[in-house]
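Subject: Handover of a structure and the findings on it

Dear colleague,

Please find below the structure that I am handing over to you. My findings follow directly after it.

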Amino acid sequence: MAPSNTSSTDGGSTPARSSGPDGASSSLPGKPSGPETHPVDELLPPVKLITTGLQHVAAMYAGVVAPPLIVGACVGLSPTELALLISASLFTAGLATLLQTLGLWKIGARLPFVNGVSFAGVAPMIAIAKEHGPKDALPVIFGAVIVAGVLCFLAAPYFCKLIRFFPPVVQGTVITLIGVSLLPVAVNWARGGSPGAPGYGSVRAIGLAAITLVAVVLCNRLLRGFWQQLSLLIGLAIGTLLAFPLGLADFGPVQDAKVFALPSPFHFGAPLFDAAAIASLCIVMVVSMTESTADMLALGKIVDREADEPVLAAGLRADGLATALSPVFNGFAASAFAQNIGLVALTKIRSRFVVAAGGGILIVLGLFPVLGSVVSLVPQPVLGGAGIVLFGTVAASGIRTLAEAGMESSSNTILVSVSLGVGIIPIAVPTFYDAFPEAVRTLMHSGISAGCVMAVLLNLLFHHVGVARRSPADGTPGTTVPTATPS
């Protein structure tokens with residue numbers, strides 16, 4: 001990871017930027033800026049492109065299908081309609097990923113950035129379903145998602161200006177929280193995914209997760225070159241093959257799946273626009289924008305291409321446009337998938353075209369449900385074992401960023417400690433904010449967004465507001481040092 005271009009001890013400096021096609025500072029163009037192609041813009045051979053793209057799909061598949069499964073079950077959809085909702089989520093996630101990686105005009109971060117169905121909206125969507133009943137639930141949800149997507153698209157050029165409040169100390173804190181907040185997900189997968197699942201928490205399930213974890217680690221240690229980069233996929237394959245004799249996987253989903261299903265626009269009815277539902281999902285969209293901003297900053301660090309204001313704005317526009325269009329094809333809000341950032345860090349494959357290939361695979365899986373069911377054969381414990389490596393890698397990247405952020409400053413130490421503490425609260429005690437108003441619950445229920453907001457606020461307090469009387473080295477009382485103020 002290259003050293004950051006921002007100041008390491010305070011939050012006031014603005015990252016250096018290159019000139020973009022619109023005259024503003026940008027690193028958006030897909031063409032290399034120098035004589036050599038940047039690894040992000042490198043086009044790999046077809047076989048390597050598809051296999052490494054498939055790794056990204058395997059890493060995020062469970063996260064894409066979980067929200068439609070939960071919401072669809074709450075609405076009371078039949079198995080056929082539920083399968084259609086899942087296929088729609090895969091299809092729209094693929095479109096969103098292509099938009100994010102390949103870009104269109106000033107839309108798309110053009111980084112190896114995976115987009116999928118945002119889990120942040122599940123709880124509000126369930127509440128909407130309970131209020132409006134099975135008949136109108138999905139049309140009301142889709143109407144609210146469309147408005148939230150338009151809000152995100154329009155707010156992108158203004159929201160991205162928050163980057164000046166994300167110096168290395170804030171970035172490192174948020175990146176660390178991304179990894180830490182995802183680790184409980186991996187642990188739950190390792191136990192079986194759901195308390196109601198057969199064999200949940202059994203020795204077989206946890207043992208299978210451990211075998212997968214060991215397989216990924218050994219492949220990464222013993223293999224070289226291309227095969228080392230496929231260590232996650234190999235580990236998933238080994239774990240899945242072992243799952244069959246252990247009775248933790250079966251071919252039932254493949255036998256029952258349709259071969260081909262073309263997405264039908266507004267299959268569940270034309271969108272309905274309810275003010276309360278719109279307000280609820282707009283709050284969710286702001287939270288998703290905060291998380292996407294943090295994810296893009298983290299990914300920019302890992303791939304050594306700065307995520308500056310134009311990149312963030314383009315990435316958020318892609319989130320907004322994809323979210324607004326998803327309901328047309330019966331999909332939900334789209335946002336960043338942090339687990340894939342860990343895969344980029346693990347494999348060291350930085351090409352955005354690899355993730356674009358993954359987006360293409362998602363579209364195919366959405367059009368051919370039988371293929372999607374093959375991917376779904378990977379049991380939750382196997383995903384859990386691999387997830388520990390992926391999510392731990394993200395946390396390690398955050399710790400590395402913090403090491404470069406000037407932690408000798410007492411103000412930075414307080415910023416990191418308090419932000420991590422606040423971010424871990426909903427991870428350690430998910431019901432902590434249950435008595436608070438819904439808007440607060442939506443924001444604080446995510447450890448990433450809670451910690452991110454706290455880190456930004458403390459950065460403002462220590463580095464942007466007034467004048468701090470502390471020495472530059474350790475923050476102790478001494479020479480009056482003017483802090484930077486927002487421009």
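C452 is located in helix α17, which spans residues 447-463. The model is a predicted one, and in it C452 has a relative accessible area of 2%; because this is under 20%, C452 counts as buried. Setting aside residues up to four places away in sequence, C452 touches F166, V174 and T290.

T290 itself belongs to helix α9. Its relative accessibility is 12%, so T290 is buried too under the 20% limit. Apart from neighbours within four places in sequence, T290 is in contact with F159 and C452.

Regarding the chain as a whole, there are 17 helices and four strands. The protein chain has 487 residues, of which 53% count as buried. Among contacts with a separation of 6 or more, 79% are between residues 24 or more positions apart. The accessible surface of the protein chain amounts to about 19500 Å², and carbon and sulfur atoms account for 69% of that surface.

As to the interior, in soluble globular proteins nonpolar side chains tend to be buried together. In this model the largest nonpolar core has 106 residues, and L138 and F332 are the ones with the most contacts inside it. Leaving out neighbours within four places in sequence, L138 is in contact with V71, V75, L77, F268 and F332. There is also a second, separate core of five residues, including L44, L49, I349 and V354.

The aromatic side chains may also be of interest to you. How many aromatic pairs are there? The count comes to five. One of them is formed by F91 and F329: the ring centres are 5.5 Å apart and the planes stand at 65 degrees, so this pair is edge-to-face, the class for angles over 60. F91 lies in helix α2 (residues 79-102), whereas F329 lies in the loop between α10 (309-325) and β2 (334-336); the pair therefore ties together parts that are 238 residues apart in sequence. F91 counts as buried, because its relative accessibility is 11% and the limit is 20%. F329, at 27% relative accessibility, counts as partly exposed.

F432 and Y433 form an aromatic pair that is likewise edge-to-face, with 4.9 Å from centre to centre and 80 degrees between the planes. F432 is partly exposed, with a relative accessible area of 44%, while Y433 counts as buried at 10% relative accessibility. Together with F436, F432 and Y433 form one aromatic cluster.

Which residues make the nonpolar surface patch of about 540 Å²? The patch is made by V259, F260, L262, V364, F368 and L371. F260 is found in the loop between α8 (252-256) and α9 (275-303).

Yours sincerely

Definitions and conventions:
Residues are numbered from 1 along each chain as its sequence is written. This is a predicted model: local features need pLDDT of at least 70, side-chain atom pairs count only at pLDDT 80 or more; totals for chains, interfaces and linings use all residues. Side-chain values use heavy atoms; hydrogens and water are left out. Helices (H or I, at least four residues) and strands (E, at least two) are DSSP runs, numbered from the N terminus. Buried means under 20% relative accessible area, exposed over 50%, partly exposed in between (1.4 Å probe, protein chains only). Contact means heavy atoms within 4.5 Å. Patches are made of residues with over 30% relative accessible area and no salt bridge: like charges are joined within 9 Å, nonpolar side chains (Val, Leu, Ile, Met, Phe, Trp, Tyr) within 5 Å. Accessible areas come from the Shrake-Rupley method with a 1.4 Å probe; for residues, only the protein chains shown count as cover. A salt bridge is a side-chain nitrogen of Lys or Arg within 4 Å of a carboxyl oxygen of Asp or Glu. Rings of Phe, Tyr and Trp (its six-membered ring) pair if their centres lie within 6.5 Å; planes under 30 degrees apart count as stacked, over 60 as edge-to-face and the rest as tilted. A nonpolar core is a set of buried Ala, Val, Leu, Ile, Met, Phe, Trp, Tyr and Cys residues joined through side-chain atoms within 4.5 Å.
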